[in-house]
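Okay, thanks for coming, everyone. I'd like to walk you through one protein today, and I'll take it slowly. Have a look at the screen.

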Amino acid sequence: MAPRYRLMGIINVTPDSFSDGGAFLAADAAVAHARELDLQGADILDVGGESTRPGAEPVSAADELERVRPVLEGIAAAGLRAQVSIDTCKAVVARAALDAGASIVNDVSALRADPQMAGLVAERGAECCLMHMLGEPRTMQGGAGGVGGPKYNDVVDEVKAFLEERMAFAVREGIEEERIMLDPGIGFGKTVAHNLELLARLNELTSLGRPLVVGTSRKSFLGRIAADSAGHSQPLEPARRLPGTIATNVLALERGASVFRVHDVAPVRDALAVAAATLGGRWTARVGTTQTS
C-alpha cells in the first residue's frame, strides 16, 4: 500500500537561493546532501540550478546545466531510493535531467516559460508539477506588472482557475492527467494574508483531482509571523523557521495536500507521520522496520 503523502527534499545548486544559497553549489556537496535527504526519508529529490526567490535574476540555460548536470549524474551513480525531480522552466535543462535519470519536471512557470516543455514532458512520460505564480520571480512580489503589491479578488478562486487551465493545457499537449501535480505557489506573488488564505482553504483545491504540492519551507512569511508574535521588528532568519514549516505542513496535510517540498526532511517526516496517524492515515515506515505502538 503506497503512502498517502510524499516528501520532496530541496537541493538548491545555486549561489543565491534565499535559505541555503551557495551551500550546495559544489557538485560533491550537493550529492552528499542528496544522500542525506534520501536517508532522512525523502521520496523525491528536487534539484534546481536557478533561484526563484523574489527578485532573482534569470540564469542562462548553459549556466543552469553546468550547475545541475554533475549533481544529477552523481545522484544517479549513487543509486538512491528517491525519485529525482528537476526544478526548471527550460526544456533543454529538463531534457538533460531526464536523460540523467530524473522522472519529474517541477516547472514553476506551469509550462508557460518554454514552448518546448510540454511536448518534452509528454514525449518522455514524465511526471510534472505545475505551479501558480503571479508574474515572474523578478516582479512577483510587486504584482503582475511589477507595480504595487500582489492583488487578487479571491486568491483561492484565482489560483484554482489558473491551475485548472494549466492542467487542461498540459493534457491537450499530451501529458497524462495522472502524471500531473499542482502547486498553489505559496510565497510566489502572494502577501502573508494570501499565503494564509491559501493554506486555510487548501481543501478547495482538492476538487481538481490531482496531488497538491505545498512548499512553505523556511519562507519569509513564516519568519514574519513568528517575529510578530514575539514582538520582534525583524523576521526570523531562515534557519529559525522550522517550527513554522512544520505547522504549515501539518495543516496542509489535514486539508488535503499530499506532496511536501521541504529543506528539513527528517523533522517534517516525523511531524507528518504523527499527524497522519492522528487523522487516521497510515504512518509510513522505512523498508525493513516494523510498526509498533
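Let's start with a definition: a disulfide is a pair of cysteine sulfur atoms within 2.5 Å. Keep in mind that what you see here is a predicted model.

Take Cys129: the closest cysteine sulfur to its own is the one in Cys128, at 7.7 Å. A disulfide needs the two sulfurs within 2.5 Å, so that pair is too far for a bond. Is Cys129 buried or exposed? Its relative accessible area is 1%, so Cys129 is buried. Cys89 is buried too, with a value of 18%, because the cut-off for buried is under 20%.

Now let's zoom out to the whole chain. The protein chain has nine helices and eight strands. Of its 293 residues, 52% count as buried. The accessible surface comes to about 12600 Å², and carbon and sulfur atoms own 52% of that.

Next, the inside. The largest nonpolar core has 72 residues. Helix H5, residues 155–172, gives the most to this core, with eight residues. Which residues have the most contacts inside the core? Those are Ile11, Leu45, Ile75 and Phe260. Let's look at Phe260. If we leave aside its neighbours within four places in sequence, Phe260 is in contact with several residues, including Tyr5, Leu7, Met8, Val214 and Leu272. There's also a second, separate core of seven residues, with Met8, Ile44, Ile104 and Val213 among them.

On to a helix, H2, which runs over residues 61–78. How far apart are its end C-alpha atoms? They are 25 Å apart. With 18 residues at 1.5 Å a residue, H2 should span 26 Å, so the two values agree. H2 does have a kink, though, of about 30 degrees at Val68, shortly before the proline Pro70. Val68 is also one of the buried residues of H2, and so are Leu65, Leu72 and Ile75, among others. You've met Ile75 already, in the largest core. What covers those buried residues? The cover includes helices H1 (27–40) and H3 (91–99), plus strands S1 (6–12), S2 (44–48) and S3 (83–87). Just after H2 comes Gly79, with a positive phi of about 65 degrees.

That brings me to phi in general. Most residues other than glycine have a negative phi. Here are two that go the other way. Leu111 has a phi near 70 degrees, a positive value, and sits in the loop between S4 and H4. With a relative accessible area of 5%, Leu111 is buried. Arg218 has a positive phi near 60 degrees, and its place is the loop between strand S7 (213–214) and helix H7 (220–230). Arg218 is buried as well, at 15%.

Last stop: Gln116. This residue is found in the loop between strand S4 (104–107) and helix H4 (117–124). Buried or exposed? At 53% relative accessibility, Gln116 counts as exposed, because the cut-off for exposed is over 50%. Along the chain, Gln116 and Ala91 are 25 residues apart, yet their C-alpha atoms are separated by 5.9 Å.

Note on methods. Residues are numbered from 1 along each chain as its sequence is written. This is a predicted model: local features need pLDDT of at least 70, side-chain atom pairs count only at pLDDT 80 or more; totals for chains, interfaces and linings use all residues. Side-chain values use heavy atoms; hydrogens and water are left out. Helices (H or I, at least four residues) and strands (E, at least two) are DSSP runs, numbered from the N terminus. The expected span of a helix is 1.5 Å times one less than its number of residues. The bend at a residue is the angle between axes fitted to the seven residues ending there and the seven starting there. Buried means under 20% relative accessible area, exposed over 50%, partly exposed in between (1.4 Å probe, protein chains only). Contact means heavy atoms within 4.5 Å. A nonpolar core is a set of buried Ala, Val, Leu, Ile, Met, Phe, Trp, Tyr and Cys residues joined through side-chain atoms within 4.5 Å. Accessible areas come from the Shrake-Rupley method with a 1.4 Å probe; for residues, only the protein chains shown count as cover.
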